[in-house]
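Take a look at the model below.

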Amino acid sequence: MGDFRQVQECIEMVPDAMVLVDQGGVIRLVNDAAVEMFGHARDQFVGRTLDLLMPPATVERHAEHVRAFIASPRRRMMGKFRPLTARRRDGVELPVEIALNQVTVGTEELAAATIRDVTSQRASERSAVERETQLRSIIEMARVGTWALDLEAGSAELSESFLALLGLRSGVSSDELLARVHPDDVAVWRETKLNAERAGGPVRAQLRLLHSDGSWRTMDTRCSIRRAPGEAAKLVGLSIDITERLRVEALERDARDRLVTAERMATVGLLAAGLAHEINNPLTAVLSNLFVAMDELARHQGGDATGQRLDCAGLLEALGDARESAVRVRDIVRDLKIFSRHDEVGNTAIDVRRVVESSLRMARNEIRHRAQLVTRFDEVPPVDATEARLGQVVLNLLLNAAQAIPPGNANANEIQVSVGPRAPERVVIEVRDSGPGIPKEHFGRLFTPFFTTKPKGEGTGLGLSICHRIVTDLHGQMEAENAPDRGAVFRIVLPAAAGAVAQDAMPFSRATPRPVRRGRVLVVKVAGLWF
(Lines give C-alpha, C1' and ligand atoms only; values in the text may rest on other atoms or scores of the structure.)
Protein backbone atom coordinates (compact mmCIF):
# COMPACT_ATOMS: atom_id res chain seq x y z
CA MET A 1 0.00 0.00 0.00
CA GLY A 2 2.75 2.44 -0.72
CA ASP A 3 5.00 4.05 1.89
CA PHE A 4 4.18 5.29 5.39
CA ARG A 5 3.49 8.84 4.13
CA GLN A 6 0.79 7.67 1.74
CA VAL A 7 -0.75 5.41 4.42
CA GLN A 8 -0.77 8.35 6.84
CA GLU A 9 -2.69 10.45 4.31
CA CYS A 10 -5.22 7.67 3.84
CA ILE A 11 -5.94 7.02 7.52
CA GLU A 12 -6.40 10.75 8.17
CA MET A 13 -9.51 10.57 6.00
CA VAL A 14 -11.07 7.96 8.28
CA PRO A 15 -13.44 9.51 10.90
CA ASP A 16 -12.75 6.77 13.46
CA ALA A 17 -9.55 6.49 15.44
CA MET A 18 -6.94 4.31 13.63
CA VAL A 19 -3.77 2.82 15.11
CA LEU A 20 -1.35 0.73 13.01
CA VAL A 21 0.79 -1.79 14.93
CA ASP A 22 3.36 -4.36 13.89
CA GLN A 23 3.41 -8.03 14.84
CA GLY A 24 5.01 -7.22 18.15
CA GLY A 25 2.22 -4.87 19.07
CA VAL A 26 4.34 -1.71 18.63
CA ILE A 27 2.47 1.36 17.36
CA ARG A 28 3.77 2.65 13.99
CA LEU A 29 1.09 5.11 12.83
CA VAL A 30 -1.97 6.94 14.29
CA ASN A 31 -4.44 9.43 12.84
CA ASP A 32 -5.72 12.68 14.31
CA ALA A 33 -8.92 11.00 15.52
CA ALA A 34 -6.81 8.65 17.70
CA VAL A 35 -4.84 11.58 19.08
CA GLU A 36 -8.11 13.30 20.03
CA MET A 37 -9.72 10.15 21.50
CA PHE A 38 -6.83 9.08 23.74
CA GLY A 39 -5.32 12.51 24.58
CA HIS A 40 -1.69 11.59 23.78
CA ALA A 41 0.51 13.63 21.47
CA ARG A 42 1.32 11.94 18.16
CA ASP A 43 4.99 11.38 19.05
CA GLN A 44 3.88 9.75 22.34
CA PHE A 45 2.12 6.99 20.35
CA VAL A 46 4.83 5.88 17.91
CA GLY A 47 7.20 3.26 19.30
CA ARG A 48 5.01 2.50 22.31
CA THR A 49 3.20 -0.76 22.80
CA LEU A 50 -0.53 -1.29 23.13
CA ASP A 51 -0.36 -1.04 26.92
CA LEU A 52 -0.42 2.73 26.31
CA LEU A 53 -4.03 2.46 25.16
CA MET A 54 -5.38 -0.45 27.18
CA PRO A 55 -5.99 -1.11 30.88
CA PRO A 56 -3.33 -3.48 32.25
CA ALA A 57 -5.84 -6.32 32.59
CA THR A 58 -6.54 -6.42 28.83
CA VAL A 59 -3.11 -5.67 27.33
CA GLU A 60 -1.87 -9.24 27.04
CA ARG A 61 -5.16 -10.53 25.68
CA HIS A 62 -5.27 -7.78 23.05
CA ALA A 63 -1.65 -8.27 21.97
CA GLU A 64 -2.30 -11.98 21.53
CA HIS A 65 -5.37 -11.17 19.46
CA VAL A 66 -3.29 -8.92 17.16
CA ARG A 67 -0.61 -11.61 16.68
CA ALA A 68 -3.23 -14.25 15.92
CA PHE A 69 -4.88 -11.93 13.40
CA ILE A 70 -1.66 -11.26 11.49
CA ALA A 71 -0.75 -14.95 11.47
CA SER A 72 -4.20 -15.99 10.20
CA PRO A 73 -4.46 -16.95 6.50
CA ARG A 74 -7.77 -15.01 6.33
CA ARG A 75 -6.29 -11.87 7.78
CA ARG A 76 -6.90 -9.84 4.62
CA MET A 77 -10.64 -10.03 5.26
CA MET A 78 -12.33 -7.22 7.11
CA GLY A 79 -12.30 -7.97 10.83
CA LYS A 80 -15.53 -7.67 12.87
CA PHE A 81 -15.93 -4.95 15.47
CA ARG A 82 -15.41 -6.43 18.91
CA PRO A 83 -16.16 -4.81 22.29
CA LEU A 84 -13.14 -3.78 24.35
CA THR A 85 -12.17 -1.37 27.08
CA ALA A 86 -9.62 1.36 26.28
CA ARG A 87 -7.81 3.85 28.50
CA ARG A 88 -7.27 7.54 27.91
CA ARG A 89 -4.18 9.48 28.92
CA ASP A 90 -5.98 10.80 32.03
CA GLY A 91 -6.68 7.22 33.12
CA VAL A 92 -10.36 7.27 32.28
CA GLU A 93 -11.53 3.95 30.86
CA LEU A 94 -14.03 4.03 28.03
CA PRO A 95 -15.92 1.31 26.15
CA VAL A 96 -14.80 0.92 22.53
CA GLU A 97 -15.35 -1.38 19.62
CA ILE A 98 -12.30 -2.43 17.60
CA ALA A 99 -11.92 -4.01 14.16
CA LEU A 100 -8.61 -5.29 12.70
CA ASN A 101 -7.53 -5.30 9.06
CA GLN A 102 -4.22 -6.15 7.41
CA VAL A 103 -2.25 -3.31 5.82
CA THR A 104 0.99 -3.85 3.86
CA VAL A 105 3.38 -0.90 3.94
CA GLY A 106 6.32 -1.56 1.64
CA THR A 107 7.50 -5.01 2.67
CA GLU A 108 6.06 -4.78 6.18
CA GLU A 109 2.73 -6.18 7.23
CA LEU A 110 0.85 -4.23 9.90
CA ALA A 111 -2.45 -4.62 11.68
CA ALA A 112 -4.71 -1.58 11.28
CA ALA A 113 -7.01 -1.18 14.31
CA THR A 114 -10.12 0.90 13.75
CA ILE A 115 -11.40 2.05 17.15
CA ARG A 116 -14.82 3.55 17.89
CA ASP A 117 -15.83 5.19 21.16
CA VAL A 118 -19.22 3.66 22.05
CA THR A 119 -19.69 5.47 25.38
CA SER A 120 -22.87 7.27 24.26
CA GLN A 121 -24.18 4.11 22.57
CA ARG A 122 -23.70 2.05 25.74
CA ALA A 123 -25.32 4.82 27.77
CA SER A 124 -28.30 4.78 25.40
CA GLU A 125 -28.51 1.01 25.69
CA ARG A 126 -28.41 1.21 29.49
CA SER A 127 -31.04 3.95 29.39
CA ALA A 128 -33.25 1.84 27.12
CA VAL A 129 -32.91 -1.13 29.47
CA GLU A 130 -33.71 1.08 32.46
CA ARG A 131 -36.75 2.53 30.65
CA GLU A 132 -37.95 -0.93 29.76
CA THR A 133 -37.52 -2.05 33.37
CA GLN A 134 -39.37 1.02 34.62
CA LEU A 135 -42.13 0.50 32.07
CA ARG A 136 -42.54 -3.11 33.16
CA SER A 137 -42.71 -1.97 36.79
CA ILE A 138 -45.31 0.68 35.94
CA ILE A 139 -47.33 -1.86 33.96
CA GLU A 140 -47.22 -4.28 36.87
CA MET A 141 -48.24 -1.59 39.39
CA ALA A 142 -50.99 -0.23 37.13
CA ARG A 143 -52.36 -3.73 36.62
CA VAL A 144 -51.91 -3.50 32.87
CA GLY A 145 -51.70 -6.86 31.14
CA THR A 146 -49.75 -7.36 27.92
CA TRP A 147 -50.29 -10.19 25.45
CA ALA A 148 -49.41 -11.42 21.99
CA LEU A 149 -51.33 -13.86 19.78
CA ASP A 150 -49.60 -15.72 16.94
CA LEU A 151 -52.16 -15.48 14.14
CA GLU A 152 -50.79 -18.53 12.33
CA ALA A 153 -49.77 -20.94 15.10
CA GLY A 154 -52.62 -19.95 17.42
CA SER A 155 -50.28 -19.64 20.41
CA ALA A 156 -50.60 -16.96 23.07
CA GLU A 157 -47.92 -15.14 25.07
CA LEU A 158 -49.48 -13.65 28.21
CA SER A 159 -47.70 -11.51 30.79
CA GLU A 160 -47.96 -12.36 34.46
CA SER A 161 -49.93 -9.16 35.03
CA PHE A 162 -52.45 -10.20 32.36
CA LEU A 163 -52.85 -13.63 33.92
CA ALA A 164 -53.40 -11.90 37.28
CA LEU A 165 -56.19 -9.77 35.77
CA LEU A 166 -58.09 -12.98 35.01
CA GLY A 167 -57.08 -14.83 38.16
CA LEU A 168 -55.01 -17.37 36.19
CA ARG A 169 -51.80 -18.99 37.45
CA SER A 170 -50.55 -20.42 34.18
CA GLY A 171 -50.77 -19.54 30.52
CA VAL A 172 -53.58 -20.57 28.23
CA SER A 173 -53.73 -21.13 24.50
CA SER A 174 -55.15 -18.61 22.06
CA ASP A 175 -58.36 -20.64 21.71
CA GLU A 176 -58.75 -20.91 25.50
CA LEU A 177 -58.29 -17.17 25.85
CA LEU A 178 -60.85 -16.39 23.15
CA ALA A 179 -63.29 -18.79 24.85
CA ARG A 180 -63.23 -16.39 27.81
CA VAL A 181 -64.64 -13.53 25.71
CA HIS A 182 -68.26 -12.71 26.63
CA PRO A 183 -70.67 -14.13 24.01
CA ASP A 184 -72.07 -10.67 23.34
CA ASP A 185 -68.54 -9.33 22.70
CA VAL A 186 -67.32 -12.01 20.28
CA ALA A 187 -68.40 -9.89 17.30
CA VAL A 188 -66.60 -6.88 18.83
CA TRP A 189 -63.41 -8.94 19.18
CA ARG A 190 -63.56 -10.10 15.55
CA GLU A 191 -64.18 -6.55 14.34
CA THR A 192 -61.27 -5.28 16.47
CA LYS A 193 -58.90 -7.86 14.98
CA LEU A 194 -59.98 -6.97 11.44
CA ASN A 195 -59.57 -3.24 12.15
CA ALA A 196 -56.06 -3.85 13.50
CA GLU A 197 -55.12 -5.75 10.33
CA ARG A 198 -56.55 -3.01 8.11
CA ALA A 199 -55.34 0.01 10.05
CA GLY A 200 -51.72 -1.01 10.52
CA GLY A 201 -51.80 0.97 13.76
CA PRO A 202 -53.29 0.54 17.23
CA VAL A 203 -57.05 0.13 17.62
CA ARG A 204 -59.12 0.23 20.80
CA ALA A 205 -62.08 -1.72 22.13
CA GLN A 206 -63.84 -2.72 25.36
CA LEU A 207 -64.21 -6.45 25.91
CA ARG A 208 -65.61 -8.50 28.77
CA LEU A 209 -63.50 -11.49 29.79
CA LEU A 210 -64.35 -14.30 32.18
CA HIS A 211 -62.40 -14.23 35.46
CA SER A 212 -61.50 -17.48 37.19
CA ASP A 213 -63.98 -16.61 39.98
CA GLY A 214 -66.83 -16.63 37.43
CA SER A 215 -67.28 -12.86 37.19
CA TRP A 216 -67.02 -10.80 34.00
CA ARG A 217 -64.24 -8.19 33.89
CA THR A 218 -64.39 -5.32 31.40
CA MET A 219 -61.03 -4.73 29.72
CA ASP A 220 -60.03 -1.53 27.95
CA THR A 221 -57.91 -3.08 25.20
CA ARG A 222 -55.51 -1.57 22.66
CA CYS A 223 -53.87 -3.77 20.07
CA SER A 224 -52.04 -3.73 16.75
CA ILE A 225 -50.42 -6.10 14.25
CA ARG A 226 -46.66 -6.66 14.59
CA ARG A 227 -44.74 -8.17 11.68
CA ALA A 228 -41.08 -8.83 12.51
CA PRO A 229 -38.80 -9.92 9.61
CA GLY A 230 -38.81 -13.68 9.26
CA GLU A 231 -41.55 -14.14 11.86
CA ALA A 232 -45.28 -14.79 11.64
CA ALA A 233 -47.62 -11.85 12.17
CA LYS A 234 -48.71 -11.34 15.78
CA LEU A 235 -51.56 -9.41 17.30
CA VAL A 236 -50.03 -7.65 20.30
CA GLY A 237 -51.83 -5.52 22.82
CA LEU A 238 -52.35 -4.41 26.37
CA SER A 239 -55.46 -4.56 28.51
CA ILE A 240 -56.55 -2.65 31.60
CA ASP A 241 -59.28 -3.88 33.93
CA ILE A 242 -61.78 -0.99 34.11
CA THR A 243 -64.60 -2.94 35.76
CA GLU A 244 -64.34 -1.05 39.05
CA ARG A 245 -63.95 2.30 37.32
CA LEU A 246 -67.12 1.71 35.29
CA ARG A 247 -68.98 0.70 38.47
CA VAL A 248 -67.89 3.88 40.26
CA GLU A 249 -68.80 6.01 37.23
CA ALA A 250 -72.24 4.42 37.15
CA LEU A 251 -72.71 5.21 40.85
CA GLU A 252 -71.58 8.80 40.25
CA ARG A 253 -74.01 9.17 37.34
CA ASP A 254 -76.83 7.77 39.46
CA ALA A 255 -76.00 10.13 42.33
CA ARG A 256 -75.79 13.07 39.92
CA ASP A 257 -79.13 12.14 38.36
CA ARG A 258 -80.72 11.94 41.79
CA LEU A 259 -79.30 15.35 42.71
CA VAL A 260 -80.60 16.86 39.45
CA THR A 261 -84.04 15.35 40.08
CA ALA A 262 -84.05 16.57 43.69
CA GLU A 263 -83.18 20.10 42.60
CA ARG A 264 -85.90 19.93 39.95
CA MET A 265 -88.47 18.83 42.53
CA ALA A 266 -87.31 21.61 44.85
CA THR A 267 -88.00 24.08 42.04
CA VAL A 268 -91.46 22.59 41.57
CA GLY A 269 -92.04 23.03 45.31
CA LEU A 270 -90.96 26.67 45.03
CA LEU A 271 -93.46 27.17 42.21
CA ALA A 272 -96.26 25.20 43.89
CA ALA A 273 -98.17 28.22 45.17
CA GLY A 274 -97.97 30.03 41.85
CA LEU A 275 -98.95 26.93 39.91
CA ALA A 276 -101.92 26.36 42.22
CA HIS A 277 -103.00 29.94 41.53
CA GLU A 278 -102.48 29.41 37.77
CA ILE A 279 -104.65 26.29 37.86
CA ASN A 280 -107.28 27.71 40.22
CA ASN A 281 -108.16 30.72 38.04
CA PRO A 282 -109.02 28.84 34.83
CA LEU A 283 -110.60 26.03 36.85
CA THR A 284 -112.94 28.54 38.50
CA ALA A 285 -113.80 29.91 35.06
CA VAL A 286 -114.54 26.38 33.81
CA LEU A 287 -116.88 25.67 36.69
CA SER A 288 -118.66 29.04 36.47
CA ASN A 289 -119.33 28.73 32.75
CA LEU A 290 -120.49 25.13 33.11
CA PHE A 291 -122.92 26.17 35.86
CA VAL A 292 -124.31 28.92 33.61
CA ALA A 293 -124.77 26.52 30.72
CA MET A 294 -126.34 23.81 32.87
CA ASP A 295 -128.77 26.24 34.52
CA GLU A 296 -129.83 27.60 31.14
CA LEU A 297 -130.49 24.11 29.84
CA ALA A 298 -132.26 23.05 33.04
CA ARG A 299 -134.50 26.12 32.92
CA HIS A 300 -135.78 25.25 29.45
CA GLN A 301 -136.06 21.56 30.18
CA GLY A 302 -138.10 22.26 33.32
CA GLY A 303 -140.59 24.44 31.48
CA ASP A 304 -139.98 27.64 33.44
CA ALA A 305 -138.51 29.56 30.52
CA THR A 306 -141.82 31.48 30.20
CA GLY A 307 -141.81 31.07 26.46
CA GLN A 308 -138.28 32.41 26.01
CA ARG A 309 -136.13 30.77 23.39
CA LEU A 310 -133.00 28.88 24.36
CA ASP A 311 -130.04 31.30 24.31
CA CYS A 312 -127.77 29.22 22.03
CA ALA A 313 -125.29 32.05 21.51
CA GLY A 314 -124.88 32.50 25.26
CA LEU A 315 -124.49 28.75 25.73
CA LEU A 316 -121.82 28.57 23.04
CA GLU A 317 -119.96 31.50 24.56
CA ALA A 318 -120.06 29.94 28.03
CA LEU A 319 -118.92 26.56 26.72
CA GLY A 320 -116.21 28.21 24.61
CA ASP A 321 -114.91 30.05 27.68
CA ALA A 322 -115.00 26.79 29.64
CA ARG A 323 -113.07 25.02 26.90
CA GLU A 324 -110.47 27.81 26.74
CA SER A 325 -109.94 27.64 30.48
CA ALA A 326 -109.77 23.83 30.41
CA VAL A 327 -107.07 24.01 27.72
CA ARG A 328 -105.15 26.39 29.96
CA VAL A 329 -105.34 23.88 32.82
CA ARG A 330 -104.27 21.08 30.46
CA ASP A 331 -101.24 23.11 29.31
CA ILE A 332 -100.17 23.80 32.88
CA VAL A 333 -100.41 20.11 33.79
CA ARG A 334 -98.54 19.14 30.62
CA ASP A 335 -95.76 21.63 31.39
CA LEU A 336 -95.51 20.27 34.90
CA LYS A 337 -95.35 16.68 33.64
CA ILE A 338 -92.62 17.54 31.13
CA PHE A 339 -90.60 19.40 33.72
CA SER A 340 -91.01 16.70 36.39
CA ARG A 341 -90.19 13.77 34.10
CA HIS A 342 -87.19 11.84 35.40
CA ASP A 343 -87.37 8.57 33.49
CA GLU A 344 -86.09 9.85 30.15
CA VAL A 345 -83.39 7.52 28.89
CA GLY A 346 -81.59 9.47 26.21
CA ASN A 347 -81.44 12.66 24.24
CA THR A 348 -83.69 13.27 21.26
CA ALA A 349 -84.08 16.13 18.80
CA ILE A 350 -86.33 18.58 20.65
CA ASP A 351 -87.97 21.90 19.80
CA VAL A 352 -86.09 24.56 21.77
CA ARG A 353 -88.89 27.12 21.50
CA ARG A 354 -91.44 24.69 22.92
CA VAL A 355 -89.21 24.05 25.95
CA VAL A 356 -88.64 27.78 26.53
CA GLU A 357 -92.36 28.59 26.19
CA SER A 358 -93.22 25.80 28.64
CA SER A 359 -90.71 27.18 31.16
CA LEU A 360 -92.11 30.69 30.69
CA ARG A 361 -95.64 29.49 31.48
CA MET A 362 -94.42 27.86 34.68
CA ALA A 363 -92.48 30.94 35.78
CA ARG A 364 -95.19 33.45 34.80
CA ASN A 365 -96.53 33.94 38.29
CA GLU A 366 -93.02 34.66 39.66
CA ILE A 367 -92.29 37.15 36.89
CA ARG A 368 -95.56 39.09 36.59
CA HIS A 369 -95.15 41.00 39.86
CA ARG A 370 -91.55 41.95 39.16
CA ALA A 371 -91.03 42.71 35.46
CA GLN A 372 -92.48 42.92 31.98
CA LEU A 373 -91.62 39.86 29.91
CA VAL A 374 -90.18 40.45 26.42
CA THR A 375 -89.54 37.47 24.16
CA ARG A 376 -87.89 36.94 20.80
CA PHE A 377 -87.90 33.56 19.07
CA ASP A 378 -85.96 33.29 15.80
CA GLU A 379 -85.88 30.33 13.47
CA VAL A 380 -83.57 27.65 14.94
CA PRO A 381 -82.98 23.93 14.37
CA PRO A 382 -83.73 21.31 17.05
CA VAL A 383 -81.06 20.30 19.57
CA ASP A 384 -80.16 16.92 21.08
CA ALA A 385 -81.43 17.03 24.67
CA THR A 386 -84.29 16.01 26.95
CA GLU A 387 -87.19 18.40 27.53
CA ALA A 388 -87.09 17.93 31.29
CA ARG A 389 -83.39 18.75 31.72
CA LEU A 390 -83.24 21.63 29.28
CA GLY A 391 -86.48 22.96 30.78
CA GLN A 392 -84.88 22.75 34.23
CA VAL A 393 -81.99 24.93 33.05
CA VAL A 394 -84.22 27.55 31.42
CA LEU A 395 -86.63 27.65 34.37
CA ASN A 396 -83.77 28.07 36.82
CA LEU A 397 -82.42 31.04 34.84
CA LEU A 398 -85.92 32.60 34.65
CA LEU A 399 -86.44 32.27 38.41
CA ASN A 400 -82.98 33.71 39.11
CA ALA A 401 -83.75 36.65 36.81
CA ALA A 402 -87.10 37.25 38.53
CA GLN A 403 -85.61 37.00 42.03
CA ALA A 404 -82.91 39.53 41.10
CA ILE A 405 -85.67 42.16 40.73
CA PRO A 406 -87.61 43.31 43.81
CA PRO A 407 -91.42 42.91 43.47
CA GLY A 408 -93.79 45.83 43.21
CA ASN A 409 -92.48 47.81 40.24
CA ALA A 410 -93.09 45.50 37.27
CA ASN A 411 -93.62 48.30 34.75
CA ALA A 412 -90.11 49.66 35.31
CA ASN A 413 -88.28 46.35 34.80
CA GLU A 414 -87.87 43.81 32.04
CA ILE A 415 -86.87 40.20 31.63
CA GLN A 416 -85.89 39.47 28.04
CA VAL A 417 -85.86 35.90 26.75
CA SER A 418 -84.60 35.10 23.26
CA VAL A 419 -83.86 32.06 21.13
CA GLY A 420 -81.69 32.42 18.05
CA PRO A 421 -79.03 30.82 15.85
CA ARG A 422 -75.27 31.17 16.14
CA ALA A 423 -72.71 29.99 13.61
CA PRO A 424 -71.58 27.35 13.12
CA GLU A 425 -74.70 25.25 13.74
CA ARG A 426 -75.37 26.45 17.28
CA VAL A 427 -78.54 27.49 19.07
CA VAL A 428 -78.50 30.22 21.72
CA ILE A 429 -81.01 30.70 24.55
CA GLU A 430 -80.53 34.00 26.35
CA VAL A 431 -82.13 35.31 29.57
CA ARG A 432 -81.48 38.98 30.37
CA ASP A 433 -82.81 40.89 33.38
CA SER A 434 -82.76 44.53 34.47
CA GLY A 435 -81.66 43.73 38.02
CA PRO A 436 -78.48 44.92 39.78
CA GLY A 437 -76.16 42.56 37.83
CA ILE A 438 -73.47 40.18 39.05
CA PRO A 439 -70.74 41.50 41.39
CA LYS A 440 -67.32 41.09 39.76
CA GLU A 441 -65.97 39.07 42.68
CA HIS A 442 -68.68 36.42 42.14
CA PHE A 443 -67.98 35.62 38.48
CA GLY A 444 -65.36 33.02 39.29
CA ARG A 445 -67.73 31.11 41.59
CA LEU A 446 -71.06 31.32 39.76
CA PHE A 447 -71.09 27.66 38.80
CA THR A 448 -69.42 26.36 41.97
CA PRO A 449 -71.61 23.92 43.94
CA PHE A 450 -73.20 25.36 47.11
CA PHE A 451 -72.24 28.94 46.28
CA THR A 452 -75.20 31.28 46.73
CA THR A 453 -75.81 34.94 47.56
CA LYS A 454 -79.36 34.30 48.72
CA PRO A 455 -80.25 34.51 52.40
CA LYS A 456 -79.91 31.35 54.45
CA GLY A 457 -82.79 28.96 53.85
CA GLU A 458 -83.70 30.46 50.45
CA GLY A 459 -81.27 28.59 48.21
CA THR A 460 -79.10 25.50 48.13
CA GLY A 461 -76.41 26.97 45.88
CA LEU A 462 -76.79 24.00 43.52
CA GLY A 463 -79.05 25.53 40.86
CA LEU A 464 -76.44 27.13 38.57
CA SER A 465 -73.94 24.34 39.26
CA ILE A 466 -76.43 21.70 38.11
CA CYS A 467 -77.47 23.82 35.12
CA HIS A 468 -73.84 24.16 34.08
CA ARG A 469 -73.36 20.38 34.38
CA ILE A 470 -76.49 19.67 32.30
CA VAL A 471 -75.42 22.06 29.54
CA THR A 472 -71.88 20.64 29.54
CA ASP A 473 -73.26 17.09 29.28
CA LEU A 474 -75.17 18.28 26.20
CA HIS A 475 -71.80 19.39 24.68
CA GLY A 476 -72.78 23.02 25.07
CA GLN A 477 -71.50 26.08 26.93
CA MET A 478 -73.06 28.28 29.58
CA GLU A 479 -72.01 31.93 29.64
CA ALA A 480 -72.67 34.74 32.10
CA GLU A 481 -71.97 38.46 31.91
CA ASN A 482 -73.31 41.80 32.97
CA ALA A 483 -75.38 43.78 30.48
CA PRO A 484 -73.83 47.06 29.22
CA ASP A 485 -76.58 49.17 30.81
CA ARG A 486 -77.72 47.16 33.83
CA GLY A 487 -78.66 43.66 34.82
CA ALA A 488 -77.21 40.22 34.11
CA VAL A 489 -77.19 38.05 30.99
CA PHE A 490 -77.08 34.24 31.05
CA ARG A 491 -76.59 32.42 27.79
CA ILE A 492 -76.95 28.74 26.85
CA VAL A 493 -75.16 27.70 23.65
CA LEU A 494 -76.03 24.23 22.32
CA PRO A 495 -75.02 22.36 19.15
CA ALA A 496 -77.81 21.69 16.68
CA ALA A 497 -78.99 18.11 16.37
CA ALA A 498 -77.20 16.15 13.65
CA GLY A 499 -78.98 16.60 10.34
CA ALA A 500 -81.48 18.99 11.92
CA VAL A 501 -83.50 21.32 9.71
CA ALA A 502 -84.54 24.70 11.05
CA GLN A 503 -88.15 24.97 12.09
CA ASP A 504 -90.64 26.93 10.05
CA ALA A 505 -91.06 29.59 12.68
CA MET A 506 -91.25 33.25 11.77
CA PRO A 507 -89.19 35.48 14.06
CA PHE A 508 -91.15 37.84 16.18
CA SER A 509 -90.58 40.23 19.03
CA ARG A 510 -93.25 41.33 21.36
CA ALA A 511 -94.04 42.14 24.95
CA THR A 512 -96.00 39.22 26.33
CA PRO A 513 -99.39 40.65 27.27
CA ARG A 514 -100.84 40.04 30.66
CA PRO A 515 -103.68 37.51 30.64
CA VAL A 516 -106.92 39.16 29.53
CA ARG A 517 -109.35 39.21 32.41
CA ARG A 518 -112.74 38.53 30.88
CA GLY A 519 -115.80 40.04 32.49
CA ARG A 520 -117.90 37.53 34.41
CA VAL A 521 -121.53 37.83 35.56
CA LEU A 522 -122.45 36.04 38.76
CA VAL A 523 -125.94 34.60 38.25
CA VAL A 524 -127.91 33.88 41.43
CA LYS A 525 -131.35 32.33 41.43
CA VAL A 526 -133.40 33.26 44.48
CA ALA A 527 -137.04 32.19 44.82
CA GLY A 528 -137.33 31.62 41.08
CA LEU A 529 -135.92 35.06 40.25
CA TRP A 530 -132.64 35.61 38.32
CA PHE A 531 -130.26 38.36 39.41
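Contact means heavy atoms within 4.5 Å. This is a predicted model, where local features need pLDDT of at least 70, side-chain atom pairs count only at pLDDT 80 or more, and totals for chains, interfaces and linings use all residues. Residues are numbered from 1 along each chain as its sequence is written, and side-chain values use heavy atoms, leaving out hydrogens and water.

**Cores**

F490 is one of the residues with the most contacts inside the largest nonpolar core, which has 43 residues. V356, V383, I415, V419, I429 and I492 are also among them. Such a core is a set of buried Ala, Val, Leu, Ile, Met, Phe, Trp, Tyr and Cys residues joined through side-chain atoms within 4.5 Å. Buried means under 20% relative accessible area, exposed over 50%, and partly exposed in between (1.4 Å probe, protein chains only). Elements giving two or more residues to this core include α11 (352-368), β14 (414-422) and β17 (488-495). Helix α12 gives the largest share, 9 residues. Helices (H or I, at least four residues) and strands (E, at least two) are DSSP runs, numbered from the N terminus. Another core, of 23 residues, lies apart; A17, V30, I98 and L100 are among its residues.

**An open sheet**

Five strands form an open antiparallel sheet in the order β7-β6-β10-β9-β8. Two strands pair if DSSP finds at least two bridges between them. β7 (156-158) and β8 (203-210) are at the edges with a single partner strand each, so one side of each has no neighbour in the sheet. From one strand to the next, the twist averages 25°. β6 (residues 144-150) and β7 share 3 bridges. L149 has A156 in β7 as its bridge partner. Helix α8 (residues 186-199) lies across β6, β8, β9 and β10, at about 150° to β8. Axes are lines fitted to C-alpha atoms, for helices over the stretch in contact, and angles run from 0 to 180 degrees between N-to-C directions.

**Salt bridges**

The whole structure has 21 salt bridges. Each is a side-chain nitrogen of Lys or Arg within 4 Å of a carboxyl oxygen of Asp or Glu.

| Pair | N to O distance |
|---|---|
| R217 and D213 | 3.1 Å |
| R217 and D241 | 3.7 Å |
| R247 and E244 | 2.4 Å |

R217 lies in β9 and D241 in β10, so their pair ties together parts 24 residues apart in sequence. R247 and E244 are 3 residues apart in helix α9 (residues 243-301), separated by about one helical turn. R247 is partly exposed at 44%. E244 is partly exposed at 47%.
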